[in-house]
Structure formats: C-alpha cells, structure tokens
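Have a look at the picture below, and then we will go through some of its parts together.

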Amino acid sequence: MSLQMVTVGNSMALIQPGFSLMNFDGQVFFFGQKGWPKRSCPTGVFHFEVKHNHLKLKPAVFSKDSCYLPPLRYPATCTFSGNLESEKHQYIIHGGKTPNNELSDKIYVMSVVSKNNKKVTFRCTEKDLVGDVPEGRYGHSIDVVYSRGKSMGVLFGGRSYIPSAQRTTEKWNSVADCLPHVFLVDFEFGCSTLYILPELQDGLSFHVSIARNDTVYILGGHSLANNIRPANLYRIRVDLPLGSPAVECTVLPGGISVSSAILTQISNDEFVIVGGYQLENQKRMVCNIISFKDNKIDIHEMETPDWTPDIKHSKIWFGGNMGNGTVFLGIPGDNKQAVSEAFYFYTLKCAEDDVNEDQKTFTSSQTSTEDPGDSTPFEDSEEFCFSAEANSFDGDDEFDTYNEDDEEDESETGYWITCCPTCDVDINTWVPFYSTELNKPAMIYCSHGDGHWVHAQCMDLAERTLIQLSEGSNKYYCNEHVKIARALQTPKRVQSLKKPPLRSLHKKGSGKIITPAKKSFLRRLFD
C-alpha cells in the first residue's frame, strides 16, 4: 500500500465531505459538491483526474435529453449493467441531501452516451417508483443482485428526518434511524417492495455493502438510536424466480465494528476496507481485506499504510473509492497555521497498477461522512444531526479546467477590487445593494481598451438600468472612460463643399451664352 499527498488546483472548495466518485471504464468523475452547481459547471459533475499527484477537475457534459441531477451529498450509489449495449455501464443514485438540507427520495440512472478523446457525454434519467417507495434518506446503501437472468436493486439502512408531526423549531433538522427494512427495486418497471427480515433489528447507517451475484453482504454501520457500531455481518440472499422474489437473511460470524469506511476492489475476489471510525471520536486506523472463496467470506487485517502525522492526529477524515484499488482521502487543514488549506488530500493505492480494468463486481459502500461546516469535528454519528470529460488536461482541450476563481476568488474575478478612484466596495463591510445580489456585488463590464469590470453600485446605475444592460448586447463604458469612448465614436465635423450656382457660370459682359446642352453637361460635371 502506498500513500501519496495530492495537490489540488483552484477547485479545492468543491471537494467537501459527502461527495461520490464514479468510475466509468477507468475515468473517474466527481459528484456531490456542497452547494448548487456553479455557472461554469451547471451539471455539478466533474472529470476527476490525478496526474503526477496533482488533481484537476473539469466540468462534465450531459445530453439534451437528460433530466436535471441536483448535487446530492451522502447518497447511495452502485454500478448496474443493463440489457442493451448503451446500458452496459450505468450508475444508480438514490437519496442524499440537497444543498437546502432536503432529503431526496428519487432514483437517478447515469450512463455514458458518447465518448471520444476529448469528452464524455452523460445521460441522466429519473426513475419513478410505485409500490413501497422508500422515504428520502442518506447514509444508506443500494446494490444490484442478479438471479436467474434477472436483476433487482437492494436498498437498506440510512437516516431520515423525524416525522413532520414531531418536528419542532428546535428539532426541525433532527434525524433518526430508518427502520431496518429491505427494499427490492425493479429498475425496469419501477416497482419497489418492502421486506421485513427478523434478523435485522436495528437501522444501520454508513455501513459497508458488497454485492456478489444474488447476495448482498452488510458489514458494520452505526445505530443512532443506540449509539453503537455493532460488529455485525449480514448476508442477504435474493432469489428471483418467475413469481414473487424470495429474500432471506443470515447472521454470519467474523464481522468488524466500523462505520463510514471506504471500500475498494483489488481483484475479482478481494476487497479492502479503508478508514472509518470505531468509536465516536476515534478513527479506525487499521485496514481489512475481504476475501471470497467458495461462497465464503473471510475478513482479516492487512498491512497498515504508513499514515502521516497529520492523518494520525486529525479527528476526522473522509473520501471515496476511485476504483482500480485506489482510495481518495481528505483531512481538515491545520487551523494553527497563518495560511492553511481547508483540507489536505491523499491517494492510497491498495493494489498494483496492473489491476484488470474489466473486473466488475458490483459494489457499494458509504464514504466517510464528516462535514465540519455542519457539525462538531467528530465522527459521523454527530455530523448528521444537522446537526471529463477528457483523457488529458492539455492546453488544447475543448473545455477549460474548472477554475474556482471564476466563482469565489476575489482577485481574479475582481469582485472586491477597487474599480475606480471613488470605489467604496469592501469585502469586510459589503452588504447587498441591489435586490438581485446574493453574496457578491453586481458588476458590469467596461469595453474600453482590453476591458475591465466595475461595480454597478460605484457607477451609480439604477437597478432597472443594470438589468437592461445585462439583457442587451450594447457596449458599456464606465464613468472614467465614457468621455473617451464618445470622443472616439463621434466623427469630427467636416464643412461641406458649396456648389456654385449655374447662373454664375454665365459671366456678364462676356458676350457668350451657355446653351442648354452645355448647362446639362456642366450640371452633371458638378453634381
């Protein structure tokens, strides 16, 4: 196992706890930024590539017939193979939290429409469910099992808000364990059926799930009601005959106590568990290897990575599975330093580089769940009380690498610059001036020279005028350059040539008379 520190460009602010990573044929994509998608990436999905220990994110592209996919944090995801060639490799996304702290109960299917050396185009469709529809939740798992030539989704666990009748102002965002029910979801017909299994007594969140053929293994997890991480290991087997499905659950020995761990696959029959927590404020520093042989599961500890002091001493960590035996980890920055990054990131390779790309066992696991922006800097049980498109990033790519400066930086975009000698916009004291402003001052582009941005407020623009200018295509010049622009655009006055009257062509006393034919010739000459 090798641990490498990763540097991140200007897109670091996008990577917050609760994101998901999706691997489409070796290309990794990032999903689940904490806020709504930014204007430079309306899809909220980014190509996620690490080269020479440097991470770059690039906005992904969706087809025109795709539905809107909101940024969801802590959803359940898994891979799925359809019957058609176009459905060869898909991702199922269920649940998660929206930036408005609402819980989603929708199911989305993400697939690749086209792929070339420049970009990958996705299609996202929403699946409507009927029957026993699972409530909106997060921290759960969804897997796909295959039996008798058919497939079915298996959904289990998670947390949800307390019933609306019990929600008060003080407990509006309080959550509780979902009931320990198992849902079978038919993705083809959109049917969902609930099963109550006596072996499952507690609702578990942030557990590890592994699907193999017709079986799902549930390992670890956290029970919010009891505040425990039981060392349970469940085997849920699904039989799909022509009639009703048969679901059975068996309690197996040899489980481990862990929550919020990351699962990655290193071979056809071997998986590695990295990270997670064993107590509320204690990270689980050991790693486990899970082996399958003759339909038996074996879990044992493996060689521990050479964790850095920062990782050892941090109270929280989070990350996701990049596929191919590689895990992406993040820890909070050191606030004691004068200049500190929000997070530090690492990649942990648990397998050799020659892992077969075609090895596809359909797996699902929950990533680490800490969110310092919403909770105390402790383990996942407290956090939720809430309280690409290119193969390379060369300069000739069709799309620019996502630049956080376009959204948040104050120096490049000029939101907090001094736009004119009388500018009084200050980052520390600024308050919204126009009704259309949210968290940044409205700006307008001056077309003088190479162009520059100025604050609409400093230019004494009425809001109605600002809206009209933003809707039109006319050039705008700020107060300092408007006189120069007018001088350049206004042509100088030129005195017009006076035409001599025709009668002056007949000189008095000359004795010569201009005939009508000569008059016509002279008129054409002077006209």
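## A pair of strands and their sheet

Let us begin with two strands: β13 (residues 150-156) and β16 (residues 181-186) pair in the antiparallel sense over four bridges. Within this pairing, V154 stands opposite L184 in β16. Two strands count as paired if DSSP finds at least two bridges between them. Strands and helices are themselves DSSP runs, numbered from the N terminus: a strand is E with at least two residues, and a helix is H or I with at least four. As background, strands of a sheet pair through backbone hydrogen bonds, either parallel or antiparallel.

The pair belongs to an open sheet of five strands, in the order β11-β17-β16-β13-β12, with mixed pairing. At its edges are β11 (130-131) and β12 (141-147), each of which pairs on one side only.

## What kind of model this is

This is a predicted model, in which local features need pLDDT of at least 70 and side-chain atom pairs count only at pLDDT 80 or more, while totals for chains, interfaces and linings use all residues. Residues are numbered from 1 along each chain as its sequence is written, and side-chain values use heavy atoms, with hydrogens and water left out.

## The chain as a whole

The chain contains five helices and 33 strands. Of its 527 residues, 49% are buried. Here, buried means under 20% relative accessible area, exposed means over 50%, and partly exposed is in between (1.4 Å probe, protein chains only).

The chain's accessible surface comes to about 27100 Å², and carbon and sulfur atoms account for 50% of that. Such areas come from the Shrake-Rupley method with a 1.4 Å probe; for residues, only the protein chains shown count as cover.

## A first annotated site

Which residues does UniProt list for this "binding site"? The unreviewed entry gives C446, H452, C478 and H481. They are spread over 36 residues of sequence, yet they cluster in space, with a largest C-alpha distance of 10.9 Å. UniProt positions follow the numbering used here, feature names are shortened, and annotations may be inferred rather than shown by experiment.

C446 sits in strand β32 (residues 443-446), and it counts as buried because its relative accessibility is 0%. Apart from neighbours within four places in sequence, C446 is in contact (heavy atoms within 4.5 Å) with G451, H452, Y476, Y477, C478 and H481. H452 is found in strand β33 (residues 452-455). With a relative accessible area of 22%, H452 is partly exposed. If we again skip residues up to four places away, H452 touches I444, Y445, C446, C478 and H481.

## A second annotated site

Another "binding site" annotation in the unreviewed UniProt entry covers C419, C423, H455 and C458. These residues span 40 residues of sequence but cluster in space, the largest C-alpha distance being 8.0 Å.

Is C419 buried or exposed? It counts as buried, because its relative accessibility is 10%. C419 lies in the loop between α2 (380-383) and β32. Beyond residues up to four places away in sequence, C419 touches W453, V454, H455, C458, M459 and E480. C423 also lies in the loop between α2 and β32, and is buried with a relative accessible area of 16%. Leaving out neighbours within four places, C423 is in contact with I417, T418, H455 and C458.

## Nonpolar cores

In soluble globular proteins, nonpolar side chains tend to be buried together. A nonpolar core is a set of buried Ala, Val, Leu, Ile, Met, Phe, Trp, Tyr and Cys residues joined through side-chain atoms within 4.5 Å. The largest one here has 22 residues, and those touching the most other members are C419, V454, C458, M459, L461, L466 and Y476. Strand β32 gives the most to this core, with three residues. A second, separate core of 20 residues includes Y277, V327, I331 and Y346.

C287 is buried, with a relative accessible area of 0%, and C350 counts as buried at 10% relative accessibility.
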